[in-house]
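Hi,

Here is the structure I promised to pass on. Have a look at it first, and then read my notes below.

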Amino acid sequence: MAAADVQVPPAEPAPALPDYLTDPDAVLKDEAKWRYGRAPDYSKTRQVFQETKKMSHEAGSLPELVQNLVKNWEVEASFKPSLDDWRTVDHPHYSFAINGGDPQTAEHMLKHGTYNAIISPNEYYSPEYSDFASSHKTFKRMMPTFAWEVLEVYSGPPQVAFRWRHWGVMKNDYVGFNNKGEKVTAKAHGGLINIQGVTVATVNDKVQLQQVRTWFDPLDMFRQIAPDGVVKKDAVDKALSPTDALDSDNKVEIDQKPQPATGEDAEKLLEATSCPFAGTDPKEAEKETEKKLSGNSSDQYSMNAGEGTEGAQSGASAVFRVER
C-alpha cells in the first residue's frame, strides 16, 4: 500500500527587521518631540559618509545592520529630549559606559549631552564648564560633518562586538573650555580627524540596545586637533552662559552653571552632529572584548552563516531572528 502523502506546513516567514536596522535615517522620520522643534538635517554628514567611507558593507549584512542601529541611536540621544521617544534602546535595561567606568543612564545623557556624558575633564575640554548646547557648538562648528562607520563586527546578538571609525575635517578653529575653566582655542589646520574605537553592546530580542560598553583613547581626538600641543588659553567671563562665552572676548574667571541655548543658538544646532565617540588603535580594547565574549552563549540565537565577521556578510536577516 502506498504511503500517504504527508503535507508539510509552510515555514513561517522570518519577522521583519525593525526599520532602525535597515534605514540609517529611520528615526528622523518619527513624529516626536525634537530638541530644537524639528528633526535635524543629516544630509551633509550622510553625503560625506558615502564619499569617504572605507567600508562598503553588503546590504542586509550584520555590519550594515549594526551601523544603522548606532546611527539611529545617535540621532535619538542627541535630538530627542524625551526618553519615551527613543526606539533604539530597551528603556528599563539601558546603560552606557566608557573605558570600564560607571554605567550611565539615558537620563544622564539627556541632561548633560552626548559629548559631556563621555568626555572626561582634560586640558582641552571639560564637561564641568560646558552644557548640552555649548558642547555641540564646540565640535559642530569645528568639524561641520563627523561621519561614522562600522569597520568590523566580531559577534552577533545577543552581544554584538564591533570596531568603528569616526572622521571629519577640521574646517574651523576649535574653541572649548578646559578642566581649569579656561577657553581653549586651537587654530584650524584643514586636516582629517580620524579616530577609532571598540564597542560591545548587549541587545534584546527586538535588537534594542541594553548595555553599551565602549573603549577608546579619550585624548586621541584632541591630539589630532592640536598636533603641536600649543593652544591659546583665556579666562572667561563668569556672567556668561557657556554658549555665549564661546564667542565672547571678555576675560574674567569662569564659575557658572551651564544654561540652555535658546532662539538663534538653538537654531544653529539643527544641522546634524554625530555620536561623540573618540578612539585610537583599539588593541587593548579588543583583548578586553575577547574576555567579555569568552563566556557568551549563542545557543539562544542563530546566524545562518555562522558568527563573527565572516558569517556577518550574508543572511543577516536571520541573524536578528531570535530562536527560543
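To get you started: in which helix does His108 lie? His108 lies in helix H4. Before I go on, a word on how to read all this: the model is predicted, so local features need pLDDT of at least 70 and side-chain atom pairs count only at pLDDT 80 or more, while totals for chains, interfaces and linings use all residues. Residues are numbered from 1 along each chain as its sequence is written, and side-chain values use heavy atoms, with hydrogens and water left out.

**Overall picture**

The protein chain has twelve helices and eight strands. Helices (H or I, at least four residues) and strands (E, at least two) are DSSP runs, numbered from the N terminus. Of the 324 residues in the chain, 53% count as buried. Buried here means under 20% relative accessible area, exposed means over 50%, and partly exposed is what lies in between (1.4 Å probe, protein chains only). As for contacts (heavy atoms within 4.5 Å), among those between residues at least 6 apart in sequence, 68% join residues at least 24 apart.

The largest pocket has a volume of about 240 Å³. The search ran on a 1 Å grid over the protein atoms alone, and a pocket is an open set of points where a 1.4 Å probe fits, with protein on both sides within 12 Å along at least five of seven lines; lining residues have an atom within 4 Å of a point. Grid points are joined across faces, edges and corners, and the volume is the space filled by probe spheres set on the points.

There are 18 lining residues, and His108, His112, Asn116, Ala117 and Pro127 lie nearest the centre of the pocket. Helix H4 (106–112) and helix H5 (114–118) each supply at least two residues of this lining. By type, the lining divides into seven nonpolar, seven polar and four charged residues.

Not counting residues up to four places away in sequence, His108 touches Gly113 and Ala117. Phe96 is twelve residues from His108 along the chain, and their C-alpha atoms are 9.7 Å apart.

**Nonpolar cores**

A nonpolar core is a set of buried Ala, Val, Leu, Ile, Met, Phe, Trp, Tyr and Cys residues joined through side-chain atoms within 4.5 Å. The largest one has 50 residues, and Trp73 and Tyr174 touch the most other members. Helix H3 (residues 62–79) gives this core its largest share, seven residues. Leaving aside neighbours within four places in sequence, Tyr174 is in contact with residues including Tyr124, Tyr125, Phe139, Met142, Phe222 and Ile225.

**Salt bridges**

I found 14 salt bridges in the structure, each being a side-chain nitrogen of Lys or Arg within 4 Å of a carboxyl oxygen of Asp or Glu. Here are three of them.

- Asp25 and Arg46 pair up at 2.8 Å, N to O. Asp25 sits in the loop between helix H1 (19–22) and helix H2 (43–52), and Arg46 in helix H2, 21 residues apart. Asp25 is partly exposed at 22%, whereas Arg46 is buried at 15%.
- Arg163 and Glu152 also pair at 2.8 Å, N to O. Arg163 lies in strand S3 (residues 159–169) and Glu152 in strand S2 (residues 147–155), so the bridge ties together parts eleven residues apart in sequence. Arg163 is buried at 16%, and Glu152 is partly exposed at 27%.
- Arg223 and Asp217 meet at 2.1 Å, N to O. Arg223 is partly exposed at 41%, and Asp217 is buried at 18%.

Shared partners also join Asp19, Asp30, Glu76, Lys80 and Arg87 into one salt-bridge network.

**Backbone details**

The peptide bond from Pro157 to Pro158 is cis, with omega near 10 degrees, and Pro158 is placed in the loop between S2 and S3. Val207 is not a glycine, but has a positive phi of about 55 degrees. Val207 lies in the loop between strand S6 (192–203) and strand S7 (209–215) and is buried, at 4%.

Cheers

Terms used: Ala, Val, Leu, Ile, Met, Phe, Trp, Tyr, Cys and Pro count as nonpolar, Asp, Glu, Lys and Arg as charged, and the others, Gly among them, as polar.
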